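Hello,

Here is the structure I promised to pass on.

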Amino acid sequence: MKEIILSGIQPSGKLHIGNYLGSLRNFVELQKQHECYFFIADYHSISEDYDPKQKQAQVIELTRDYLAAGLDPKKCTIFAQSHLSQHTELAWIFNCVTPISYLERMTQYKDKASRQKHNINMGLFDYPVLQAADILMYKATAVPVGIDQDQHVELTRQIARFFNKRFGNTFTEPKTLHTDTPKVMSLLEPEKKMSKSLGDNHCIYIDDEPEAIKSKLAKAVTDTGDGKGVGAQNLLDLIKIFSDKKIHDKFVNDSNAGNLKYSELKAQLATDIAEYFADFRKKKKEISNNDVKKILSDGATKASKVATQTLDEVRKKIGIR
Ligand code: ADP
Ligand code: TRP
């Protein structure tokens, strides 16, 4: 069945292999068969501390990541959230059907608020409602994201239900799509998910040069050789994705025998990750800012057609014309 797919990533720094394996890689596959919308969540990103002077560069950088990873504007709609005023408008309407108590349960809000005590702004709290607007605007049936976003997609389904109950059937409830690697772990604290907020040495960025990948992996936390520690398991999971099956099998056998040599595993993984993203790095360097601007502008025009229709329908239903 052809699905309507929507997802977005915040332009707030480089993408790491967790972002890639948890979402971007899946986007590239999905565009082949489905109606897809992939956007840059720039309005979301201003709810966290940021430098206004860098924001445009971050939007361009993330769009280049999308394109270099293989998103094709002929096969999917790529746009920046702020280029359409409809998202924030629909979010306001959804605010008026969303109980505050539902937002108070959001674990990402609690996490972010505890990290950003000096700036617990309303946007940080309301963020999942804007996310629901992003998704329901295109009547998406499926949302490809990492596990950390499940609660937000669940809230989206609840908001769809609240709205439909009050104003009549309008929105379908989207499902969440996970990859088989929905939670890549940090290199230095492997009990936590890889996240740029932990720091650069916790992450392998997809445009890291081979030397950087090697030195970060050399410092990754493992165990004494039985492959049972979470850090070791994380590296074995990565070998499974980035290396040949034979190589993966060899390291699994070594770990079962209790004599896994981590220096060997790390060196192999560094070479294979660097190789995997070689083409990506080359393509990314070739994409100009002008290419990006044109793609975002065309994408906004396409997305806007659907967004205008949805918003017209919603306004009629809620009695605002
Ligand atoms: P970060 O935690 O590094 O700031 P984001 O919150 O910007 O990452 O996540 C962007 C996308 O990547 C989301 O779909 C998210 O679910 C996914 N993602 C983030 N971290 C991981 C991870 N460690 N493993 C798998 N997917 C992830
Ligand atoms: N909240 C997502 C994140 O931090 C980004 C996002 C915003 C999103 N709107 C969305 C993801 C809609 C999927 C669908 O990664």
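Predicted model: local features only at pLDDT ≥ 70, side-chain atom pairs only at ≥ 80, totals over all residues.

Residues are numbered from 1 along each chain as its sequence is written, chains are lettered from A and ligands numbered from 1 in the order in which they are written, and side-chain values use heavy atoms, leaving out hydrogens and water.

Let me start with strand 3, residues 76-80. Helices (H or I, at least four residues) and strands (E, at least two) are DSSP runs, numbered from the N terminus. Because 5 of its 5 residues are buried, strand 3 is largely enclosed by the rest of the structure; buried means under 20% relative accessible area, exposed over 50% and partly exposed in between, with a 1.4 Å probe and protein chains only. Cys76, Ile78 and Ala80 are buried on one side, and Thr77 and Phe79 on the other. Strand 2 (residues 35-40) runs parallel to strand 3 and is joined to it by 5 bridges (strands pair if DSSP finds at least two bridges between them). Phe39 has Phe79 of strand 3 as its bridge partner.

Next comes helix 14, residues 289-318. Its 30 residues reach 41 Å from first C-alpha to last, close to the 44 Å expected at 1.5 Å a residue (the expected span is 1.5 Å times one less than the number of residues). Helix 14 bends by about 30° at Ser304, the bend being the angle between axes fitted to the seven residues ending there and the seven starting there. Among its buried residues are Val292, Gly299, Ala303 and Leu311. Their cover includes strand 2, strand 3, helix 3 (52-69) and helix 7 (122-137). Gly319 follows helix 14 and has a positive phi, near 90°.

Gln131 is in helix 7 and is buried, with a relative accessible area of 9%. Leaving aside neighbours within four places in sequence, Gln131 is in contact with His44, Gln149 and His152, where contact means heavy atoms within 4.5 Å. Gln58, in helix 3, counts as buried at 18% relative accessibility. Not counting residues up to four places away in sequence, Gln58 touches Pro11, Ser12 and Gly13.

Finally, helix 10 (residues 230-242) gives the most to the lining of the second largest pocket, with 7 residues.

Best wishes
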